[in-house]
Amino acid sequence: MDVPAAKKPRRHKGWFKRDWRLYTMLILPVAFYLIFCYKPMIGIIVAFEKYNLFKGMWGSPWVGLDNFRFVMKMSDFSSALRNTLFLNFVGLIAGFPVPIVLAIMLNELRSTGVKKVSQTLLYLPHFLSWIIIGGMVLQIFSPNSGLINATLLKWGWIDKSIPFLTDGPHWQFTYTLVGVWQGMGWGTILYLSAITGINMELFEAARIDGANKLQQIWHVTLPGIRSTIVVLLILNVGQMMNISFDRPQILGNAQVRKFCDVLSTFVYRTGIENHKFERATAVGLFQSLVGLVLISGANFVSKKLGEDGIW
Amino acid sequence: MKKQTENKPALEVKKTRIWTGPQIVLALIIILISLTCLLPFVNVAATSLSSKSAILSGKVTFFPVELDTRAYKAIFSDPAMMRSLWFTIGITVVYTAFSMVMTILMAYPLTKKRMAGRKFFNFLALFTMYFSGGTIPIYLNIKELGLLDSPWSLILPGMLSTYNMIILKSFFSALPNELEEAATIDGANDYQILLQVYLPLSMASLATLTLFYAVGKWNSFQDALYYIQNKSYQPLQLKLYHLIKGSQAVDIAAMEGGSSTVATDISESIEPASIIFATLPILVVYPFVQRYFVAGVTIGAVKG
């Protein structure tokens with residue numbers, strides 16, 4: 001009887017008497033996590049059932065992997081998966097370098113006034129919902145009367161409106177462009193704070209060695225923010241399977257259905273609109289598991305490269 | 001006054017150094033890029049104030065053409081729109097208050113290394129960042145709880161953000177331990193220490209998180225689209241979504257040769273006016289709160 005007690009000498013004897021107030025603080029948040037985060041995880045079993053709304057998740061018959069087999073054969077699913085990966089990949093290639101370049105440019109700018117004002121403007125799109133941005137984009141890119149088409153027509157650069165939103169490849173371009181535009185300013189924040197962390201003496205030494213501005217950026221600034229770049233790149237790769245719902249939902253339309261339907265909108269349409277809960281849950285689970293593998297892999301690679309992992 | 005006169009020559013010397021040729025080019029490029037973030041708004045605002053014929057002929061760029069404020073009059077006199085505005089404000093206020101209480105209550109105990117089970121509770125929170133039930137199980141959960149079509153479905157499910165909780169936790173951890181020790185010696189309990197020592201010292205980060213939550217809720221539309229059918233519980237973003245999606249259908253019909261039957265005078269400016277109407281609250285507070293956000297992002301990145 002004495003042995004277990006002796007085994008934990010570090011624990012203060014009256015720990016509960018001393019800390020019970022801390023535990024009372026945790027009651028509400030822990031209840032929140034259990035009810036709104038962990039309880040839905042049990043609901044994943046719906047993916048393995050022939051779900052019946054009236055019998056509920058405990059009464060519905062078990063069908064094993066049938067839902068997964070069914071979904072994998074759906075052409076809508078494969079096109080949603082393809083579009084998700086394609087839009088994410090193109091978005092990463094086009095969007096990832098932009099904040100880095102922008103941050104370096106902002107850092108080189110000596111006028112604090114111009115810097116402050118432009119940063120204020122650049123961060124603005126981050127604070128607006130995709131509904132607002134989507135509404136603006138539909139307005140500005142609309143055929144004939146939209147700002148861009150009207151201007152190009154007036155200048156005589158084009159004879160016919162460019163179908164930014166109604167033709168597949170054009171839509172993909174618009175979607176990517178808007179994403180890059182929305183994220184570029186906010187993305188500079190982490191790089192700017194990484195640049196501030198670089199030892200100023202390194203710039204001094206480079207200058208004395210006769211390095212010009214571009215050489216300083218190449219040999220001092222970029223190596224200085226290398227680890228930030230690597231970690232963010234890896235994190236982004238880990239997010240390849242995840243796509244937000246708002247952006248494709250608001251920018252998409254019937255004419256480009258084959259190009260704009262992604263996993264998140266597919267799950268919404270299948271599950272919440274058409275009440276095929278089990279199929280949509282199967283897609284969600286597939287997406288979560290692949291996402292978990294991707295993010296673990298990303299973390300592993302990051303640590304192998306000698307950078308900080310994310311956990 | 002004295003200080004200013006002393007500083008003046010120094011400033012002038014600095015000024016001549018700032019604006020070299022390459023710096024001017026760089027500043028111009030940056031200003032141009034920044035303007036792409038502003039001009040779309042100006043265009044939408046100008047459109048919302050222009051006449052239908054001017055909009056349709058593509059004449060509107062950055063100034064209203066044939067000024068017409070009837071779209072705004074229509075919005076402000078539309079009871080559904082105004083009710084949605086007040087509903088969104090109410091939801092945002094209640095949600096933000098709940099969220100802050102939950103975030104503080106979770107973050108504070110997790111900074112106490114002496115608490116038994118701290119690692120477990122920490123994991124309980126962190127795990128939710130990497131794995132979730134998914135859209136449909138979450139929807140079914142809300143349904144089971146009887147929250148569909150209730151304003152609570154917009155408040156409760158997202159009221160604690162683990163990301164924000166980590167930001168607050170790292171801020172609490174940075175406060176010196178001696179403060180708590182001194183308060184304990186004075187006989188204060190954990191609640192008193194939290195309320196009278198920690199919170200007053202954390203006002204800046206509490207302000208940041210309040211804004212994070214408030215802007216997030218103001219902008220959220222996905223939860224409302226999923227959970228709300230009842231028109232009187234539609235937040236502004238959802239109303240706007242339906243408006244935009246509706247008019248898009250009309251546009252496409254018109255392009256394909258059909259003609260829209262509801263051709264009122266403001267049919268073209270009501271949508272941009274609604275966009276401006278829903279954005280205005282954000283635009284008004286934005287310049288003042290922007291720096292708090294930037295501080296929050298950097299804290300979150302260091303510890304997250």
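## Chain A: contacts and fold

In chain A, 64% of the contacts between residues at least 6 apart in sequence join residues at least 24 apart. Two residues are in contact if their C-beta atoms, placed from the backbone, lie within 7 Å. This is a predicted model: local features need pLDDT of at least 70, side-chain atom pairs count only at pLDDT 80 or more, and totals for chains, interfaces and linings use all residues. Residues are numbered from 1 along each chain as its sequence is written, while chains are lettered from A and ligands numbered from 1 in the order in which they are written.

Chain A holds 17 helices and zero strands. Both are DSSP runs, numbered from the N terminus: helices are H or I with at least four residues, strands E with at least two. The radius of gyration of chain A is 26 Å, well over the 19 Å that the globule rule gives for 311 residues, so chain A is more spread out than a compact globule. That radius is taken over C-alpha atoms, and the rule is 2.2 Å times the number of residues to the power 0.38.

## Chain B

Chain B has 14 helices and zero strands. Of its 304 residues, 36% are buried (20 or more other C-beta atoms within 10 Å of the residue's own, with C-beta atoms placed from the backbone).

## Where the chains meet

Chain A brings 73 residues to the contact and chain B brings 76. On the chain B side, helix α2 (residues 21-48) gives the most, with 14 residues. That side of chain B divides into 51 nonpolar, 21 polar and four charged residues. Nonpolar means Ala, Val, Leu, Ile, Met, Phe, Trp, Tyr, Cys and Pro; charged means Asp, Glu, Lys and Arg; the others, Gly among them, are polar.

Notes. A residue is buried if 20 or more other C-beta atoms lie within 10 Å of its own, exposed if 12 or fewer, and partly exposed in between; C-beta atoms are placed from the backbone.
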